[in-house]
Amino acid sequence: MIRLKHVMLCTAVLGLLSVSLCSTAADISMADKRFLKNAAEAGHFEVEGSKLALKKSQDPDIIRFAKMMTEDHSQAAMKLKDLATRRGIELPKEPSLLQQAKLKYLETRDGVKFDKSYANHIGVSAHEQAVKLFEDAAEDAQNADIKKFAADTLPVLKKHLEEAKRIDARVNKDD
């Protein structure tokens, strides 16, 4: 009888552990889901904009920055996708509609006008928004893994923002 109670107790504990380790979309707060969605869209926006820069820009700083963006944001996107997939959350596969409109505008620019727009919209503006998004999640996310992902990604985003501001100041110095 004691052995049966012990087995039942162990089974119950294992059941509780497996439920707590395998969180689902229903277990994730709406704010955390919104962060995952917005982070995915922001990453797509920065990667797509940077791919444009690699095709259109002749500026060595912008090309170097764009390469860094595509590499760093692609790595972060894989981590983000893994995090979301483990929780049963499907992420957007492209930038938001507003971000897509900004990319269309960027496509119309050439030469120095492209460089100025890229540095401002993809470099500075997008990274200011991303840093704010990730700071908020690092502080307020309810899911510990999401909070950790945001906190771990934040230093890279801040480094990108710092570099983007330097490039933007140089290419937009006459404006």
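**Figure 1. Phe114 and Tyr118 are both buried in this predicted model.** The two rings form a stacked pair, because their centres lie 6.0 Å apart and their planes meet at 10°; planes under 30 degrees apart count as stacked. Both residues belong to helix H5 (residues 111-140). They sit 4 residues apart, about one turn of the helix. The structure holds 4 aromatic pairs.

**Figure 2. Phe134 pairs with Phe149.** Here the ring centres are 5.9 Å apart and the planes stand at 50°, so this pair is tilted. Phe134 lies in helix H5, Phe149 in helix H6 (residues 144-171). The pair therefore ties together parts that are 15 residues apart in sequence. Phe134 is buried, with a relative accessible area of 6%. Phe149 also counts as buried, at 9% relative accessibility. Ring pairs link Phe35, Phe134 and Phe149 into a cluster.

**Figure 3. Helix H2 (residues 30-56) crosses helix H3 (residues 60-85).** Their axes come within 8 Å and cross at roughly 150°. H2 is therefore roughly antiparallel to H3, a label for angles over 145 degrees. The crossing is left-handed.

**Figure 4. Residues of H2 meet residues of H3.** On the H2 side, the contact includes Leu36, Ala39, Ala40, Gly43, Val47 and Leu54. Glu46 and Lys51 of H2 also take part. From H3 come, among others, Ile62, Ile63, Ala66, Met69, Leu80 and Leu83. Lys67, Thr70 and His73 are also among the H3 residues in the contact. By class, the contact residues of the two helices divide into 13 nonpolar, 5 polar and 3 charged.

How values were computed
Residues are numbered from 1 along each chain as its sequence is written. This is a predicted model: local features need pLDDT of at least 70, side-chain atom pairs count only at pLDDT 80 or more; totals for chains, interfaces and linings use all residues. Side-chain values use heavy atoms; hydrogens and water are left out. Axes are lines fitted to C-alpha atoms, for helices over the stretch in contact, and angles run from 0 to 180 degrees between N-to-C directions. Helices (H or I, at least four residues) and strands (E, at least two) are DSSP runs, numbered from the N terminus. Angles under 35 degrees count as roughly parallel, over 145 as roughly antiparallel, 65 to 115 as roughly perpendicular and the rest as oblique. A crossing is left-handed if the near helix is turned anticlockwise from the far one by less than a right angle, and right-handed if clockwise. Contact means heavy atoms within 4.5 Å. Ala, Val, Leu, Ile, Met, Phe, Trp, Tyr, Cys and Pro count as nonpolar, Asp, Glu, Lys and Arg as charged, and the others, Gly among them, as polar. Rings of Phe, Tyr and Trp (its six-membered ring) pair if their centres lie within 6.5 Å; planes under 30 degrees apart count as stacked, over 60 as edge-to-face and the rest as tilted. Buried means under 20% relative accessible area, exposed over 50%, partly exposed in between (1.4 Å probe, protein chains only).
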